Amino acid sequence: GIALVQAASYMAAYVKVELEYLPDSKKTNVISNRFIINEQGYSDQSIKNVINEWRGKADSELAIEIGYCSETIENGSIEMGNMVVDSWFYTFPNMDVTITNAGGIGQDILAGDISVETIIGLLPFDNTLYELDLTGAELIDCSSNYLVGGMTTINGYSLSNGTPIYNDSVYTVLTTDYLYSVSSNKMSTYDPEPYYTSVHYRQPLIDWLRSIKTSTEDPLNNYLDSNPRK
């Protein structure tokens with residue numbers, strides 16, 4: 001009474017399953033299942049017009065230039081990680097520390113013009129930012145495996161201004177909703193009621209890039225921090 005079905009890739013075919021539900025017994029029976037080839041149909045011009053209209057609007061927004069890079073910034077480099085977490089302070093200057101995972105950064109920034117599309121490729125996930133209140137001990141525990149802004153672990157744990165991080169002091173921390181949901185880092189245990197900012201994790205970087213107005217004469221590479229924080 002169990003049907004195992006699988007459709008083809010690239011929408012070349014699909015499976016249609018018909019079920020019968022019996023409310024009195026709360027049982028379900030498989031009436032039939034068919035593997036159906038997707039034959040090429042006709043093009044609906046009205047639908048095509050809607051698609052083309054929105055594709056044009058999206059393409060024009062993605063193509064907007066927001067900066068310039070004279071040398072490629074490689075994914076996984078110290079400069080790339082520092083830039084992403086530091087850009088969040090542009091929108092949230094009152095935060096003490098920012099934390100993200102390296103896996104949330106998706107590609108290099110190639111030399112040349114930087115567009116909105118570049119940053120969407122760089123930070124491609126639908127992550128938003130959470131504000132947390134963590135003690136120093138909790139902050140140290142949560143940040144050990146991630147990229148950090150506003151703090152360093154070199155020669156002891158301290159904020160970027162040199163102030164030591166004290167175990168019993170409370171710090172405001174910005175991170176992504178994804179990272180908050182990862183149970184292994186205990187963020188959700190340490191602060192079960194974070195503040196949901198509704199700000200997408202790539203938006204501060206876009207806004208910061210626009211604000212510094214980089215160009216061929218003053219490229220983004222002049223604004224990068226190459227100092228390791230761990």
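## Surroundings of N127

N127 touches T176, D177, Y178, V199, H200 and Y201, leaving aside residues up to four places away in sequence (contact means heavy atoms within 4.5 Å). N127 sits in the loop between α3 (116-122) and β6 (128-135), and N127 is buried, with a relative accessible area of 9% (buried means under 20%, with a 1.4 Å probe and protein chains only).

## Basis of the model

This is a predicted model, in which local features need pLDDT of at least 70 and side-chain atom pairs count only at pLDDT 80 or more, while totals for chains, interfaces and linings use all residues. Residues are numbered from 1 along each chain as its sequence is written, and side-chain values use heavy atoms, with hydrogens and water left out.

## Helices α2 and α7

The axes of helix α2 (residues 78-91) and helix α7 (residues 203-212) come within 8 Å and cross at roughly 80 degrees. This makes α2 roughly perpendicular to α7 (65 to 115 degrees). On the α2 side the contact involves M83, S87, W88, Y90 and T91, and on the α7 side P204, L205, D207, W208 and S211. Six of the contact residues are nonpolar, three polar and one charged.

## The largest pocket

The largest pocket holds about 230 Å³ of space, taken as the space filled by probe spheres set on the grid points. Its lining has 15 residues, of which S77, I78, G81, N82 and L147 are the closest to the centre (lining residues have an atom within 4 Å of a point). The largest share of the lining, three residues, comes from α2.

Note on methods
Axes are lines fitted to C-alpha atoms, for helices over the stretch in contact, and angles run from 0 to 180 degrees between N-to-C directions. Helices (H or I, at least four residues) and strands (E, at least two) are DSSP runs, numbered from the N terminus. Angles under 35 degrees count as roughly parallel, over 145 as roughly antiparallel, 65 to 115 as roughly perpendicular and the rest as oblique. Ala, Val, Leu, Ile, Met, Phe, Trp, Tyr, Cys and Pro count as nonpolar, Asp, Glu, Lys and Arg as charged, and the others, Gly among them, as polar. Buried means under 20% relative accessible area, exposed over 50%, partly exposed in between (1.4 Å probe, protein chains only). On a 1 Å grid over the protein atoms alone, a cavity is a set of points where a 1.4 Å probe fits but cannot get out, and a pocket is an open set with protein on both sides within 12 Å along at least five of seven lines; lining residues have an atom within 4 Å of a point.
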